[in-house]
Amino acid sequence: MDGGASYNPRTVEEVFRDFKGRRAAMIKALTTDAQNATELIKTLITEKENLCLYGYPSEQWEVNLPAEEVPPELPEPALGINFARDGMQEKDWLSLVAVHSDAWLLAVAFYFGARFGFDKADRKRLFNMINDLPTIFEVVTGATKKQTKEKSSVSNHSSNKSKSNSKRGSESQPKYSKAAASKDEVEDGMEEEDDEEHGETLCGACGENYAADEFWICCDICEKWFHGKCVKITPARAEHIKQYKCPSCSNKRARP
């Protein structure tokens, strides 16, 4: 097993690259190569040893015995996946291995973080980068597609509710994110509520996700949200706009 011991990523970006390579390998083993993995386990199971599923940064996977050295160079995957395979339906077994694989990937990533002295900011950045990717379990069980549909539905509902509330509140004022308010006016509870409400909103200009620390404004015509910086609108300027039109709507000519 030479996929991890000889490679030691030292920066957040390198650890994340290592994580993605291992993750891709294990997803391959449990989806497109699932039959091959099962056959390999059947071949090795005669030894009656605890076997592990390894994923390497090169996006290659391997079913093998655990490392002999104690303690090992890296955290070890779950032992005995071959024995669990005997008494389970294939779908359930793949899901079980996927859960343990997710736990192992996090253990390896934060092992590197601890070994090379990542501080609080680095650990948080690494976790956020990892958290943006679906887990192996979500990919194997198809939960990713289901969540995408649900989030899309919730996002549309939240967006419509937000726009409806904005219109009832003041027809003459443009809609913009609470991030534009002064620091004295913004409380922690309001920021959390704003994150939940706009978390899945995409900027109509750049397509990036909503972030609580950025100023956003909504077009009163097409009702799309935009980063203030993308449409060159500042919080101060937004205060004096009675009805905001995005660049696209402003360029449209009224039909006769």
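Buried means under 20% relative accessible area, exposed over 50%, and partly exposed in between. Keep that scale handy for the exercises below, and keep in mind that this is a predicted model.

**Exercise 1: Get an overview of the chain**

Describe the chain's secondary structure, burial, surface and contacts.

*Solution.* Begin by counting elements: there are eleven helices and five strands. Then turn to burial. The chain has 256 residues, and 34% of them are buried. Last come the contacts. Take those between residues at least 6 apart in sequence: 63% of them join residues at least 24 apart.

**Exercise 2: Decide where to read with care**

*Solution.* First, the average: the chain has a mean pLDDT of 76, and 68% of its residues score at least 70. Now go element by element.

**Exercise 3: Trace the salt bridges**

The count comes to four salt bridges. Take E13–R125, E73–R115 and K229–E214, and say what each pair ties together.

*Solution.* Go through them one at a time.

1. The side chains of E13 and R125 meet with N and O 2.6 Å apart. E13 belongs to helix α1 (residues 12–30) and R125 to helix α5 (residues 120–131), so this pair ties together parts 112 residues apart in sequence. Both ends are partly exposed: E13 has a relative accessible area of 38%, and R125 has 36%.

2. For E73 and R115, the closest N and O atoms are 3.1 Å apart. E73 is in the loop between β2 (61–64) and α3 (81–86), while R115 is in helix α4 (residues 90–115), so the bridge links parts 42 residues apart in sequence. E73 is partly exposed at 29%, and R115 is partly exposed at 40%.

3. K229 and E214 meet at 3.4 Å, N to O. K229 lies in helix α9 (residues 228–231) and E214 in the loop between α8 (188–198) and β4 (216–218), so the pair joins parts 15 residues apart in sequence. K229 is exposed, at 64% relative accessibility, whereas E214 is partly exposed at 22%.

**Exercise 4: Look inside**

Find the largest nonpolar core and name the residues that touch the most other members.

*Solution.* Here's a general idea to start from: in soluble globular proteins, nonpolar side chains tend to be buried together. In this model, the largest nonpolar core has 33 residues, and L30, L53, W61, L126 and I136 touch the most other members. Which elements give two or more residues to this core? They are α1, α2 (34–44), β1 (52–55), β2, α4 and α5. Now zoom in on I136. Leaving aside neighbours within four places in sequence, I136 is in contact with R23, M26, I27, L30, A98, S101, D102 and L105. Another core lies apart from the largest one; it has 16 residues, including F226, V231, I233 and C249.

**Exercise 5: Spot the positive phi angles**

Locate E223 and K232, and look up the phi of each.

*Solution.* Take E223 first: it is in the loop between β4 and β5 (225–227). Its phi is positive, about 60°, although E223 is not a glycine. Now K232, found in the loop between α9 and α10 (235–238). K232 is not a glycine either, and its phi is positive, near 60°. With 70% relative accessibility, K232 counts as exposed.

Conventions:
Residues are numbered from 1 along each chain as its sequence is written. This is a predicted model: local features need pLDDT of at least 70, side-chain atom pairs count only at pLDDT 80 or more; totals for chains, interfaces and linings use all residues. Side-chain values use heavy atoms; hydrogens and water are left out. Helices (H or I, at least four residues) and strands (E, at least two) are DSSP runs, numbered from the N terminus. Buried means under 20% relative accessible area, exposed over 50%, partly exposed in between (1.4 Å probe, protein chains only). Contact means heavy atoms within 4.5 Å. Accessible areas come from the Shrake-Rupley method with a 1.4 Å probe; for residues, only the protein chains shown count as cover. pLDDT is the predictor's confidence in each residue, from 0 to 100. A nonpolar core is a set of buried Ala, Val, Leu, Ile, Met, Phe, Trp, Tyr and Cys residues joined through side-chain atoms within 4.5 Å.
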